[in-house]
There are 2 protein chains.
Amino acid sequence: MHHPSMRRMRATLLAAALVQAFAAGGALAASPNDTLVSPQVQAGRVVFSMYAPEAAAVQLSGEMFDYGKAVPLAKGADGVWSLAVPDVAPGTYRYTFRIGGADVVDPRNTEATRSQTRVQSLVHVPGIAVEDDQPVPHGAVAVVEYRSPVFAVPRRMHVYTPPGYSPDKGPYPVLYLLHGGGDSDENWSTVGRAGIILDNLIAAGKARPMIVVMPAGHVPAADGSIAGAMVAMGADADKDPFTRDLIGTIIPYVESHYAASTRARDRAIAGLSMGGVQTGNIALAYSDKFPWVGIFSSGWFPDVRPEVERLHGKDMDKAAKSERLMWVGYGKTDIARDNSKAMLKMFAAHGMRYQELETEGGHTYANWRRYLAQFAPLLFRD
Amino acid sequence: MHHPSMRRMRATLLAAALVQAFAAGGALAASPNDTLVSPQVQAGRVVFSMYAPEAAAVQLSGEMFDYGKAVPLAKGADGVWSLAVPDVAPGTYRYTFRIGGADVVDPRNTEATRSQTRVQSLVHVPGIAVEDDQPVPHGAVAVVEYRSPVFAVPRRMHVYTPPGYSPDKGPYPVLYLLHGGGDSDENWSTVGRAGIILDNLIAAGKARPMIVVMPAGHVPAADGSIAGAMVAMGADADKDPFTRDLIGTIIPYVESHYAASTRARDRAIAGLSMGGVQTGNIALAYSDKFPWVGIFSSGWFPDVRPEVERLHGKDMDKAAKSERLMWVGYGKTDIARDNSKAMLKMFAAHGMRYQELETEGGHTYANWRRYLAQFAPLLFRD
């Protein structure tokens, strides 16, 4: 055993600086940026900072503010712009800085999340136990790329396996969890905290260990471009390439690559917003495959409802006679509140039973995380 | 079956716009940003673009340029800045835009990669077959969070499982693959394309199906902060919390949670730059655990070499008598070239055998991807 010498410490620091500078492509000259910490979650507030010495102005937008709001940061003498936002409620928020008319991520925050078309920074304010990273056993989230006969380009999904996942302990039930319009298959695992929520529910004995499959819901343009991505929002599941991919490729993939149960009773589907419409279409057209259903902040638009009646009237009659969970949640100020209530009215007219949860708040991930935490414990109960 | 009506299409578009606007927190007003595609990989060039109507200047930096270079973009009448970079060689490059003195990711590129302290955008230029996303079966990369007695804060690793991974087909050999200083456990899977490279090698029958474990190499400060992250670059593996975590927690975790072989002959370790020093220390101190070793663009600094001799002289003598692979690669203009050659001289003085590859180029991921593609086929051969 030995004590580190000053000489060795110098060498260590030199090596670290050199390697870091070359590996990361950073600037060699020291700058306030090198040690800047952003965001800083402090008691009762969050401080956001950005080093931008030559900027004329920097603004902050994000899910902790009302939609569309942009709040100016103040510039310090060291070229660091900062803003302390008070009273940020516990939760997870996506945010960007606006600089020179561009919306960009926080350069000092390595927690970033990719939606369908953009990258945003993430900050988590602890305080909602089921959404916090607790010292409980953790599952794993895998990024899975696969080919589908439905699409010309490779497709991707995120797959959560529960803590201690092992084929010996399976087969596991599977929840198919769909994202909203504008989002990607990553978002339930980042801003949605699906894995963390499941870890906590499973550790508390509130949810059964399950696999959660989070597919990509947008349908790419023929050239595979993101910019050309389309959203299928009609009522005919079989016309939707997303559904054809889910039924024909994703489910067989999951049931052959994972220790996944193939019994219908061990299969659930849920989705938010656009993913809720997809969920509704699929749950009605394929009611034998998905006895557990969750629709978060969604429902068909008025123009589409007659088509739902026409295509799925008999499916709804059938659903009224079957034992299944139909769980619907929406917020009091949710843009999807009217559609949700109209959907439930249609279900009721066909004799379908459902569970309804109206919460405070709007069309937000704060609600969708809450809905997932309410919904998952109800699944796969005999 | 029915044809979609104009009315339905309107509803679809309305729904898509509403949901997308609310879900993504984007601006409702149309702007050139909404349809901007960046980067665009075209024949012989890459076009980078950023909508920043109020910026005074925008520059581009990245791994396709010499280190430290920043090239100005030109502003168009629509507020979109752009730059066509000619003659970008096939490969994968991290890049950022500089705006107002801040280095930020491309707001329109959802391919972003997180190093230890920053987020950068990624662009891939096809043309190196083993690094391209080919229509072959794909493995999966999982993000695994775990607790270690060595650290007060949760730790994370990325774990690649090969195409068709199934316990029935195991046990699989395992490569532990370490990142460089400034990088994170994510980087081998993004800019390093480890999963893609393995997929291609396995599909071609050139590498055995294997699990690749990519741990986090930096040691957090006592408060867990990234900014306080330290780099351990001495020669004493047992003093390095990273090694204690790898040997005491990661390997047992992998061998109990995956269909991983527990035989030493089925275990390999490799690392680049800082990860190469860690690899060297571990490979010498634990030669019985890792008979397959790769050191990419690394080697001890001159001040540390006497300590290596003192601590590991007998280990090197022992290694000379054992059958093992010691594979060392470095570039002609690599900042680690001298350290690599001095390391090999020390190995040779102890009678150790090794394979040496000197390539064009420097301390770059272009070389590290190439080294992985050379190294992986040599592993786990009887």
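One cut-off before we start: a polar contact here is a pair of N or O atoms within 3.5 Å, where one must be able to donate a hydrogen and the other to accept it. Keep in mind as well that this is a predicted model.

Stop 1: Select A:R305, which sits in helix α5 (residues 305-321) of chain A. The side chain has a polar atom 3.2 Å from the backbone oxygen of A:W300.

**Stop 2: an open sheet.** Now colour β1, β2, β6 and β5 of chain A: these four strands make an open sheet in the order β1-β2-β6-β5, with antiparallel pairing. β1 (40-42) and β5 (74-75) are the edge strands; each has a single partner, so one side of each has no neighbour in the sheet. Zoom in on β2 (residues 45-51) and β6 (residues 80-86) of chain A, which pair over seven bridges. Pick A:Y51 and you'll find A:V80 of β6 opposite.

**Stop 3: salt bridges.** There are 26 of them over all chains. Start with A:E360 and A:K332, whose closest N and O atoms are 2.8 Å apart. A:E360 is in the loop between β18 (355-359) and α7 (365-375) of chain A, while A:K332 is in the loop between β17 (325-331) and α6 (337-349), 28 residues apart. A:K332 is partly exposed, at 43% relative accessible area.

Hop over to chain B and select B:K332 with B:E360, which also meet in a salt bridge, 2.8 Å from N to O. Here B:K332 is partly exposed at 42%.

Next, show B:E63 and B:R94, another salt bridge with 2.8 Å between the closest N and O atoms. B:E63 is in the loop between β3 (58-62) and β4 (71-72) of chain B and B:R94 is in strand β7 (residues 91-99), so the pair ties together parts 31 residues apart in sequence.

**Last stop: confidence.** Colour chain A by pLDDT: the mean is 88, with 89% of residues at 70 or more. Residues 1-28 fall below 50, and residues 226-231 stay under 50 too. For the complex, the predictor gives an ipTM of 0.82 and a pTM of 0.87.

Technical notes
Residues are numbered from 1 along each chain as its sequence is written. Chains are lettered from A and ligands numbered from 1 in the order in which they are written. This is a predicted model: local features need pLDDT of at least 70, side-chain atom pairs count only at pLDDT 80 or more; totals for chains, interfaces and linings use all residues. Side-chain values use heavy atoms; hydrogens and water are left out. Two strands pair if DSSP finds at least two bridges between them. Helices (H or I, at least four residues) and strands (E, at least two) are DSSP runs, numbered from the N terminus. pLDDT is the predictor's confidence in each residue, from 0 to 100. Contact means heavy atoms within 4.5 Å. A salt bridge is a side-chain nitrogen of Lys or Arg within 4 Å of a carboxyl oxygen of Asp or Glu. Buried means under 20% relative accessible area, exposed over 50%, partly exposed in between (1.4 Å probe, protein chains only).
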